Amino acid sequence: MGTSIVYSLNYEILVVRALDLATVGVAVAALYWLEAGISARLGQRRLPGLKTLEPIRDEALPTLTIIATAKDEVLRVEQAARSLLAQDYPKMAVLVVDDRSVDGTGAILDRLAREDPRLRVAHVSDLPEGWIGECHALAQGAEATDSEWILFVDADVTLAPDAARRAVSLAVRQGWDHIAVGPDMRLESLGEALFVAAFMVIFNSSQRPWLASDPRRRNAIGIGAFNLVRREAYRRAGGHGAIRYELLDDMALGKILKKGGARQVFAKHDGLAAVRWHPGVGGLIRGVEKNAFPAARYNVLLGATAPWLMLWIGWAPVFGLTMPGILPKLLALAAWAGVLLCYREVERSVSIRLWQAVLMPLGITLFVYAFLRSMAVTLGQGGVRWRGTFYPLGALRKGRVW
C-alpha cells in the first residue's frame with residue numbers, strides 16, 4: 001500500500017514538472033511571436049516603397065542595364081524578356097545571359113534581339129571551375145555593360161512598366177547604392193499560401209531585412225528577383241567574382257555590398273514586382289532544396305536542432321490552449337496575438353489572407369519538412385545539384401560567403 005502511494009506521488013510530481021516545463025515552453029513561444037510581430041510591424045513601417053517618390057523625368061535619369069539569366073527556359077523566356085523590354089525607361093538596355101541552355105532558349109532570345117535593339121544576348125557555353133553557374137552568368141552580364149546602374153532580376157519576375165524608373169528614382173533621390181525589392185508572390189492554392197507565409201515569417205524574424213539600411217548593424221539584404229545596384233558600388237565590392245561559389249548569391253551580394261560601404265535598403269514592391277515562385281506545395285518544397293540547408297551555413301548541428309525548436313514554436317500556441325490552468329492559456333493567446341502581427345505584415349507584401357494565420361502550425365511544419373529534406377538530400381549526395389551541375393559540399397562550404 002505504501003509503495004503504491006509513493007509511486008502515485010512520484011507520478012504526480014512528474015506530471016506537475018512536465019506541465020511546468022510545458023508552460024515555460026509556451027511562454028518562450030509567446031515571447032518569440034510577440035517580439036517577431038512587434039519588430040516586423042515597427043520595421044516594415046520604416047521601409048520605403050517603390051511609389052514613395054515621384055519618378056525622375058527622362059532627361060535626368062541615369063543609364064540602366066537590366067540583367068537576367070536563363071537556362072533551358074524555352075517555355076517562359078520570351079514572356080520574361082518582353083516584360084523587361086516593356087519598362088518605361090529611355091536610357092535602358094536589357095541583357096539576358098543564356099547560361100548553357102540545351103533547348104531553344106538561345107534561339108528565342110536571338111530572335112527577340114533582332115526585333116528590339118535594346119535587347120542584348122550573351123551566350124555562355126562552358127562553366128569555369130570554381131564558379132556557381134548563375135554567379136558566373138551574372139558576372140559575365142555585368143562585365144558586358146557600362147551603365148551607371150544595374151538591375152539584376154530573375155527571369156521569371158514580372159515588372160510593372162514603371163518599376164525600374166521608380167526604383168532608380170528612389171535610389172538617386174534618397175542616396176541609396178543598393179535597393180532590394182521583395183516581390184509579391186502569386187499563389188494559386190491554400191497549400192502554397194501556408195508554405196509561403198511560414199517562409200516569409202521565418203525570413204523576417206531571422207534576417208530582419210528592415211535593419212539592412214542601418215550602417216551600425218550587420219544585417220544585409222539581397223533579393224534575386226530585384227537587386228538594383230550602383231555600378232561603382234558593385235565594382236568596389238568585388239561583384240559576383242567575390243561570391244563565385246555561393247549558392248545564396250542574392251543575399252551574399254547584399255552582404256558584400258554593405259561590407260564595401262554601400263548604402264542599401266529593403267523596399268516594398270507597392271504592386272510593381274511579382275513572381276510565380278514554384279507551383280504547388282511539392283514544387284515549393286523542391287524549390288527550396290537548393291537554398292534551405294545552405295541558409296543554415298551547411299551546419300549539421302544547427303540543422304539538426306533548429307527545426308525541432310521551430311516546430312515547438314509553431315505548435316506551442318495550440319498546445320497551450322489545451323493545457324490545464326489559466327496561465328498556459330493566457331500565454332497561448334499572447335502567442336497567437338504575435339502570430340497575427342507577423343501574418344499581418346506578410347499580408348501587406350504577399351498575397352495571403354490574414355485568417356490563414358490560424359493554420360500557421362501547418363505552414364511551419366511544411367517548411368520544417370522542406371528544410372530537413374534539403375539537408376538530407378545535400379548530405380546524402382554530398383553536395384547540391386542545380387541547373388544541371390553538381391557542386392560538391394566541401395567546395396560549397398569553402399566558398400560560402402553568406
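Leu393 is located in helix 14, which covers residues 393–398. The structure described here is a predicted model. With a relative accessibility of 9%, Leu393 is classed as buried, because residues under 20% fall into that class. Between the C-alpha atoms of Leu393 and Lys91 there is a separation of 42 Å, and the two residues stand 302 residues apart along the chain.

Salt bridges were examined next. Side chains of opposite charge can pair when their charged atoms come close. The structure contains 23 salt bridges. One of them joins Arg165 to Asp58, with 2.6 Å between the closest N and O atoms. This pair connects distant parts of the chain, 107 residues apart: Arg165 belongs to helix 5, whereas Asp58 lies in the loop between helix 1 (2–46) and strand 1 (64–70). Arg165 also forms a salt bridge with Asp88, at an N to O distance of 3.4 Å. Here too, distant parts of the chain are linked, since Asp88 sits in the loop between helix 2 (77–85) and strand 2 (92–99), 77 residues from Arg165. Arg165 itself is buried, at 7% relative accessibility, while Asp58 is partly exposed at 38% and Asp88 is partly exposed at 42%.

Another salt bridge brings together the side chains of Arg344 and Glu347, at 3.1 Å from N to O. These residues are three apart in helix 12 and are therefore separated by about one helical turn. Arg344 is partly exposed, with a relative accessible area of 31%, and Glu347 is likewise partly exposed, with 27%. Elsewhere, a network of salt bridges links Glu78, Arg82, Arg111 and Glu115.

Helix 11 comprises 23 residues (300–322) and spans 34 Å from its first C-alpha to its last, close to the expected 33 Å. At the start of this helix, a side-chain oxygen of Asn299 comes within 3.0 Å of the backbone nitrogen of Leu301. A kink of about 45° is found at Ala316, shortly before the proline Pro317. Both Ala316 and Pro317 are buried, and other buried residues of helix 11 include Gly303, Pro307 and Met310.

Finally, Leu321, Ile326, Leu327, Leu330 and Leu333 make a nonpolar surface patch of about 490 Å². Helix 12 (residues 326–347) contributes the largest share of the patch, four residues. Ile326 is placed in helix 12 and, at 60% relative accessibility, is exposed.

Key: Residues numbered from 1 in each chain as written. Predicted model: local features only at pLDDT ≥ 70, side-chain atom pairs only at ≥ 80, totals over all residues. Heavy atoms only, no water. Helix = DSSP H or I, 4+ residues; strand = E, 2+ residues; numbered from the N terminus. Expected span 1.5 Å × (residues − 1). Bend = angle between axes of the 7 residues up to and from the residue. Buried < 20%, exposed > 50% of the residue type's maximum accessible area, 1.4 Å probe, protein only. Polar contact = N/O pair within 3.5 Å; in protein donor to acceptor, adjacent residues only side chain to side chain. Patch = residues over 30% accessible without salt bridge, like charges linked within 9 Å, V, L, I, M, F, W, Y side chains within 5 Å. Areas by Shrake-Rupley, 256 points an atom, 1.4 Å probe, with all protein chains shown as cover. Salt bridge = Lys/Arg side-chain N within 4 Å of Asp/Glu carboxyl O.
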